[in-house]
Amino acid sequence: MAIVISTTKPVGAGPFRWQEAVRTAIRDPDALCDLLCLSSSHRAAARRAARRFPIFAPQSFVGKMRTGDPLDPLLRQVLPLAEELDEVAAYTADPVGDRNAALTPGMLQKYNGRALLITTGACAVHCRYCFRRHFPYGDSPRDWEQWRPALDHLAADS
């Protein structure tokens, strides 16, 4: 997963806050196309694909993209494409085996001596190539008691 962290801020603005970046992030395919002056040929496919996996791109990230260039590599990371909707027999919704690695709600263990706690499904950018786009983040624990099985498992594992 590529994560872009920007600490840039507009001239005259207060300290950059990630909460502001989340609040003002681009979530609409038409808004993305408008901001980057993309032709209308990209819009219909982007709308359809974004219904399955929504756009989420901070404006500071979008601001680094080349206006009018549908092949800009940063844009290709976030612009939904019609090809995302193609059914491909060899593809799976869980290409890295996360579901089989879930030992308790919110905890994955694929390797001996290593565990991953899934504390949030929020990402800085929704990458179109994300291999965890279908991961059931909503099933992860939300309060202390729901985390108990994962924490007990970790405590018991020498």
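**Note on a cavity, a helix and a strand residue**

1. About 40 Å³ of space lies in the largest cavity of this predicted model, where a cavity is a set of points on a 1 Å grid over the protein atoms alone at which a 1.4 Å probe fits but cannot get out. The volume is the space filled by probe spheres set on the points, which are joined across faces, edges and corners. The count comes to 1 cavity of 30 Å³ or more.

2. The largest cavity is lined by A93, D94, D98, R99, F131, R132, H134 and F135, lining residues being those with an atom within 4 Å of a point. By class, this lining has 3 nonpolar, 1 polar and 4 charged residues, with Ala and Phe counted as nonpolar, Asp and Arg as charged.

3. In helix α3 (residues 43-52), the buried residues are R43, A45, A46, A49 and A50. They cover an arc of only 155° around the axis, so they lie on the same side of α3. Buried means under 20% relative accessible area and exposed over 50%, with a 1.4 Å probe and protein chains only. The face of α3 turned away from its buried side carries the exposed residues R51 and R52, while what covers the buried residues includes α2 (29-35).

4. T104, in strand β1 (residues 102-104), counts as buried because its relative accessibility is 12%. Leaving out residues up to four places away in sequence, T104 touches P149, A150 and H153, contact meaning heavy atoms within 4.5 Å.

5. On the basis of the model, local features need pLDDT of at least 70, side-chain atom pairs count only at pLDDT 80 or more, and totals for chains, interfaces and linings use all residues. Residues are numbered from 1 along each chain as its sequence is written, and side-chain values use heavy atoms, with hydrogens and water left out.

Notes: Helices (H or I, at least four residues) and strands (E, at least two) are DSSP runs, numbered from the N terminus. The arc is that of the directions from the helix axis to the C-beta atoms. On a 1 Å grid over the protein atoms alone, a cavity is a set of points where a 1.4 Å probe fits but cannot get out, and a pocket is an open set with protein on both sides within 12 Å along at least five of seven lines; lining residues have an atom within 4 Å of a point.
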